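Dear colleague,

I am handing over the structure below. My notes on what was found in it follow.

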Amino acid sequence: MSATAVPRLVIAAPSSGAGKTTVATGLMAAFAEAGLSVSPHKVGPDYIDPGYHSLATGRPGRNLDAYLCGPGRIGPLFLHGAAGADLAVVEGVMGLFDGASGMGELSSTAQVAKLLRAPVVLVVDASSQSRSVAALVHGFASWDPEVRLAGVILNKVGSDRHEELLRDAMGSSGVPVLGALRRTQQARTPSRHLGLVPVAERRAEALESVRALAARVREGCDLEALLALARSVPELPDAPWDAAAELGPAAGTTASGKPLIAVAGGAAFTFSYAEHAELLAAAGAEVAPFDPLRDEQLPPGTQGLVIGGGFPEMYAPDLSANAPLRTAVAALAASGAPVSAECAGLLYLSRSIDGKPMCGVLPAEARMTERLTLGYREAVALADNALAAAGTRVRGHEFHRTTLEPGAGESPAWGMTHPERRVEGFVSGGVHASYLHVHWAAEPSLAGRLVESAARYALRPAPGAAR
């Protein structure tokens, strides 16, 4: 099999809530349990579903977001993630044709399917319809001739009779039914204010849920037909994405050897794109994970720090109770080491979350709210800092139900340019902290600059040393 002809399927739906995650995760797990190496992917910026995908397949869950990374990187990023796989399953986002607001098909599942030249299997919530399902599928199949809608999986089917009516209706549609899943209370995954509860917070229960989803899919879907469909794809014209090549000829070389960059993880900090650690390593860093809920000190020799997104508000008491680590983080930041913090990391560096003391690096207080802040953003770096050179333009997204007072420091991290103009975040010493999530694959210079900053920090004179 050619490296650019990885068998692949896109699992889509007419709208959110139809069961894409159930079907996609179940398919991934069922094929993996059958002995296939399955590469999991998710359209859009979501961090949570890829955690379940990774649990189902044993491979990193990877995102494909044409808004964040640009349409031209979708094929390369896909091929990078799917290298060596027997099958790739791509879970869509929202409805099949829903993309970035006001930007046509950009970042939609349909656009990604076309860029990947992949067949689409539509998951339809059939719970309140019978013959109408055929009209619905016909509309989706004919809307964009460039999208190959190659099959349907009927979800939430009520009974054998209901399934019979649905299959009869679909018989003349020209789109084959590749599965029918019964309505059931089993294998549900708990949700809260930002979606599903991440795998890292409920690993044992999540593993049980994934196994149950695999069993449902095996029972209700034609796995042979789905695999044959996945194998009917053409080669892609792209070369796989390569972190070192993206960084340029100087990648991996620093004046101080390999600076050690600690990366926060564990249950409170689960939001990260796999390519970030790969870019840091390719830029010459030693990447050391740590868990702020458990570890009382940073990894020995830490010369840079990355604290990504997650749910610190759910763990504020435990994060606050780990005073030794909060002190260590504050001391590292005060010493001038480069620190990149996104969303949850921003809150962790603040003075407090809902009154619980945090690291106190930033002169701001965080609290939970009822308001969901969600959407794509465009921004520009307003001043040189440890992460971005002044004038660097990025696309990112916000996703939180917290607020920070004040929302920006004397030197803001970003000047937002779309959909609204405002300043946001904090730059102070080596610290860059913001609500904005950015995919570094779209701007590899961020990883390179962070590693360079850590290398310079490693070469600084020791405190009190003779000058």
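Met 94 sits in the loop that runs between strand 4 (87–91) and helix 5 (109–116). Please keep in mind that this is a predicted model.

The phi of Met 94 is near 50°, a positive value in a residue other than glycine. Met 94 counts as partly exposed because its relative accessibility is 37%. Asp 354 also has a phi near 50°, again positive and again in a residue other than glycine. The loop that holds Asp 354 lies between strand 14 (352–353) and strand 15 (356–357). With 40% relative accessibility, Asp 354 counts as partly exposed.

There are cis peptide bonds to look at as well. One joins Glu 405 and Pro 406, with omega about -5°. Pro 406 is in the loop between strand 17 (393–405) and strand 18 (414–418). Another joins His 418 and Pro 419, with omega about 5°. Pro 419 is in the loop between strand 18 and strand 19 (422–424).

For context, most residues other than glycine have a negative phi, and most peptide bonds are trans.

The last item is a side chain. Arg 326 belongs to helix 13 (residues 323–334). Arg 326 is buried but has no salt bridge. What is the nearest side chain of opposite charge to Arg 326, and how far away is it? It is Glu 296, at 11 Å, whereas a salt bridge would need a side-chain nitrogen within 4 Å of a carboxyl oxygen. Leaving aside neighbours within four places in sequence, Arg 326 is in contact with Leu 319, Ser 320, Tyr 348, Pro 357, Met 358 and Cys 359.

Regards

Technical notes
Residues are numbered from 1 along each chain as its sequence is written. This is a predicted model: local features need pLDDT of at least 70, side-chain atom pairs count only at pLDDT 80 or more; totals for chains, interfaces and linings use all residues. Side-chain values use heavy atoms; hydrogens and water are left out. Helices (H or I, at least four residues) and strands (E, at least two) are DSSP runs, numbered from the N terminus. Buried means under 20% relative accessible area, exposed over 50%, partly exposed in between (1.4 Å probe, protein chains only). Lys and Arg count as positive and Asp and Glu as negative; His and the chain ends are not counted. Contact means heavy atoms within 4.5 Å.
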